[in-house]
Amino acid sequence: VQLEPPAVPAVKDVAAREMVFVLDTSGSMDGEPIAASKAFMKHALNHLHPNDTFRIIHFSNNAEEYTTVPVTATPENIRQGLSYVESLTADGGTEIPPAIEQAFAKLPLKDSLRLVVFLTDGYIGNEAEVLTQIAEKIGEARIYALGVGTSVNRFLLEEMAIKGRGFARFIDPTEKADDVAIQLASKLESPALTDITIDWGDLEVS
C-alpha cells in the first residue's frame, strides 16, 4: 500500500490560519522594496481562506497595528486591509524588537495556526537581541521571511526562519520582485496537516 497526500487539498481540509503580516516601513525600504512588499500583500490577502484571520503590523521607529484584534478574511475586510497596506509609506529607522513584541503580544487563536510573515531588509545591527526575543516569544507559531532590497541581512532573516520552523526567501536583483512575492504568498496558502502522528501498530513499513 502506498500513501501520498493530495496535490491540492480541499479548502475544508486546510488548517485555519492566523496570518500576522509584519511590514518594514523604514526609510531603507523606500522604492522597490516596499513595492515588492505591497505586491506580496495583495496576493496573500486575496488568497486567504474563509476560515482564516489576519493582522497587519508595520514598523519603523515603532510598531503600529492595523486592527486591535485579528479580523476574519471576508471580502470587505480584505478590501479594507489592502487599502491600508497601499497607504503605507517608507520613512524612519528600523526597530524590529517592538514589531516582534506586537506580533506575539496577543494569545494565539484557538484551533488556528499562527503564521508570522516578516517583509524586511533586516537592516539592523542587533541580530542577537532579535533572535533571542523570537526564541522566547514564538510558542507554536511559524515564521517566514521575505528579504527585500539591495542590502538584505540574510543571516538575520535565515536565522529568524530557522527559529520559526519556516523559511526565508530573498528577491535576487535579476528576479522580478512581483513574481517572487507571489511565489512566497502561494507557498503559505495550504498548511493541510499539523501535529501529525502515525500509529503503525504491528505493520512493518519502509
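**Stop 1: the cavity.** Start inside the protein. The structure holds one cavity of 30 Å³ or more. A cavity is a set of points on a 1 Å grid over the protein atoms alone, where a 1.4 Å probe fits but cannot get out. Grid points are joined across faces, edges and corners, and a volume is the space filled by probe spheres set on the points. The volume of the largest cavity is about 60 Å³.

This is a predicted model: local features need pLDDT of at least 70, side-chain atom pairs count only at pLDDT 80 or more, and totals for chains, interfaces and linings use all residues. Residues are numbered from 1 along each chain as its sequence is written, and side-chain values use heavy atoms, leaving out hydrogens and water.

Now select R17, M19, A44, A185 and L188. They lie nearest the centre of the largest cavity, among its 10 lining residues. Lining residues have an atom within 4 Å of a point. Next, colour β1 (17-24) and α1 (32-46), the elements that give two or more residues to this lining. Helices (H or I, at least four residues) and strands (E, at least two) are DSSP runs, numbered from the N terminus.

Stop 2: Select R114 and E18. They form a salt bridge, with the closest N and O atoms 2.9 Å apart. R114 lies in strand β5 and E18 in strand β1, so the pair ties together parts that are 96 residues apart in sequence. A salt bridge is a side-chain nitrogen of Lys or Arg within 4 Å of a carboxyl oxygen of Asp or Glu. R114 is buried at 5% relative accessible area, and E18 is buried at 2%. Buried means under 20%, exposed over 50%, partly exposed in between (1.4 Å probe, protein chains only).

**Stop 3: two more bridges.** Select R79 and E76. Their side chains meet in a salt bridge (2.6 Å, N to O). Both sit in helix α2 (residues 75-86), three residues apart, about one helical turn. Then select E101 and K137, another salt bridge (3.2 Å, N to O). E101 is in helix α3 and K137 in helix α4 (residues 127-137), 36 residues apart.

**Stop 4: two loops.** Select D111, in the loop between α3 (96-105) and β5 (113-120). Its phi is near 55°, a positive value in a residue other than glycine. D111 is exposed, at 67% relative accessibility. Finish at R165, in the loop between α5 (154-163) and β7 (168-170). The phi of R165 is also positive, near 55°.

Notes
On a 1 Å grid over the protein atoms alone, a cavity is a set of points where a 1.4 Å probe fits but cannot get out, and a pocket is an open set with protein on both sides within 12 Å along at least five of seven lines; lining residues have an atom within 4 Å of a point.
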